[in-house]
Amino acid sequence: MSSKSLPFTREQLEAISAQVPTPFHLYDEAAIRANARAFYAAFDWVPGGFKNYYAVKALPNPYILDMLKSEGMGGDCSSLAELKLCAAVGITGESIIFTSNDTPAHEYREAAALGAIINLDDISHIPFLEDALGGQLPEILCCRYNPGPLKAGNAIIGKPEEAKYGFTREQLFEGYRLLQQKGVRRFGLHTMVASNELNPEYFVETAQMLFTLAVELHRELGLQLEFINLGGGIGIPYRPEQAPVDLAAVGAQIKAVYEATIVAAGLSPIRLAMECGRMVTGPYGYLVSRVIHKKKTYKNYIGLDACMANLMRPGVYGAYHHISVLGREPGTTPSLVCDVTGSLCENNDKFAVDREIPDPELGDLVVIHDTGAHGHSMGFNYNGKLRSAELLWQGAADASSAPQWRLIRRAETLADHFATLDYPGLAS
Ligand SMILES: *Cc1c(COP(=O)(O)O)cnc(C)c1O
């Protein structure tokens with residue numbers, strides 16, 4: 001059994017839970033900021049600048065978005081709610097990239113009204129967008145490329161040719177030509193072909209693919225791209241034995257490819273962008289829960305006060321999330337092989353299956369790691385389960401001062417849950 005480190009102690013979590021009952025998600029501000037700075041440092045060489053448009057769906061909380069904005073990030077939005085969240089924290093204009101698919105006309109209108117960069121998912125969206133905006137396209141547009149069989153897929157997003165997103169290569173050339181004819185003057189190029197990818201080579205290959213395409217677009221259409229967006233998809237080490245992607249090394253390798261391709265073709269400067277979500281906040285979120293039942297039938301079960309409403313990934317994808325039992329270190333306490341469950345009437349409501357963990361006692365605090373992306377945001381209300389609070393851990397200024405934390409979203413109440421039902425006896 002290996003372990004993963006925690007930025008807080010059991011006593012500190014007990015003190016918080018005296019004020020905010022478990023379960024709750026806790027996000028580590030200092031770690032998120034340090035990681036954001038390392039990410040930007042890896043791309044500080046980009047002529048014209050680098051920007052990560054944080055994929056808002058990963059952790060759509062305005063306090064987090066505001067923090068990321070102060071670290072220089074923009075927002076990658078795919079829905080009206082995500083656009084509104086960005087606007088509320090002052091991420092507006094070209095600090096937003098609107099990368100959606102199957103997009104409703106009113107969302108295109110909202111994105112255009114905010115001055116966001118619209119990233120088109122399909123060639124048919126060119127006339128659709130033109131119609132939605134009353135006949136006038138924005139002066140800047142981006143197209144999403146799907147390389148299909150030209151690029152090997154990765155495990156989560158699958159093969160590009162099976163993915164619903166983006167233009168084919170032929171459509172891309174045709175699409176930019178059409179946009180030029182329609183008077184669009186500023187252009188971006190985008191792809192997103194990986195998810196939770198830990199192999200650094202993958203990102204370098206993606207950059208090479210897009211840089212080569214940029215040169216070809218210039219040669220065939222005279223198109224000078226203003227930016228190239230390499231998408232998101234940088235993975236995180238969910239398992240203790242995995243290593244994070246070495247951002248500095250990826251940045252340095254992409255620099256070499258940029259020089260050999262973009263600079264060599266005389267096309268520099270082209271700004272670079274990414275839209276990472278998971279890597280930005282994922283490892284710095286923790287779902288804090290408590291053991292409320294221990295059961296032994298054909299297997300051992302540890303029942304938590306959290307459930308899939310708080311974290312869907314294990315149930316939906318069979319994803320691994322590491323589990324720590326506070327105050328019980330692997331190796332020093334007896335271990336138990338068990339399923340760690342929530343309370344839904346769904347047998348996939350399990351945070352772990354046949355997992356060896358330090359054998360907990362009733363009432364122990366349990367931390368589920370790496371819930372800072374696609375954790376709270378993916379939750380649902382099946383069985384009428386309510387979604388939890390979110391807290392920001394701000395740590396202590398020095399060893400003698402008390403750690404700071406703040407509530408950045410309260411837990412749902414039954415009144416929230418019933419709010420859309422106008423029925424006697426259910427209101428408030
Ligand atoms: C989800 C998504 C991202 C972010 O992916 P991560 O794996 O969180 O980095 C970026 N761009 C688009 C279009 C997405 O759908």
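This is a predicted model: local features need pLDDT of at least 70, side-chain atom pairs count only at pLDDT 80 or more; totals for chains, interfaces and linings use all residues.
1. Residues are numbered from 1 along each chain as its sequence is written, and side-chain values use heavy atoms, with hydrogens and water left out.

2. Start with the ligand. It has 14 residues around it, and K57, G233, E275, G277 and R278 come nearest (a residue counts as near if one of its heavy atoms lies within 4 Å). Sorted by class, this shell holds three nonpolar, six polar and five charged residues. For the classes, Ala, Val, Leu, Ile, Met, Phe, Trp, Tyr, Cys and Pro are nonpolar, Asp, Glu, Lys and Arg are charged, and the others, Gly among them, are polar.

3. Now the polar contacts (pairs of N or O atoms within 3.5 Å). K57 places a polar side-chain atom 2.7 Å from a ligand oxygen, and a polar backbone atom of G277 is 3.0 Å from an oxygen atom of the ligand. On the side chain of D76, an N or O atom lies 3.1 Å from a ligand nitrogen. Of the 390 Å² of accessible area that the ligand has on its own, the protein covers 91% (Shrake-Rupley method, 1.4 Å probe).

4. Where does the largest pocket lie? Domain 1 (10-25 + 283-418) and domain 2 (29-282) both give residues to its lining, so the largest pocket lies between them; the bounds come from an automatic or database domain assignment. The space taken by the ligand is this pocket. Its volume is about 650 Å³, and of its 27 lining residues, K57, Y165, M192, S195 and H374 are the closest to its centre. The lining divides into 10 nonpolar, 10 polar and seven charged residues. (On a 1 Å grid over the protein atoms alone, a pocket is an open set with protein on both sides within 12 Å along at least five of seven lines; a cavity is a set of points where a 1.4 Å probe fits but cannot get out; lining residues have an atom within 4 Å of a point.)

5. The largest cavity has a volume of about 70 Å³, and among its 11 lining residues N146, P160, A163, M192 and V193 are the closest to its centre. Its lining has eight nonpolar, two polar and one charged residues.

Note on methods
A polar contact is a pair of N or O atoms within 3.5 Å; within protein, one must be able to donate a hydrogen and the other to accept it, and residues adjacent in sequence count only if both atoms are side-chain atoms. A molecule sits in a cavity or pocket if more than half of its atoms lie within 2 Å of its grid points. Grid points are joined across faces, edges and corners, and a volume is the space filled by probe spheres set on the points.
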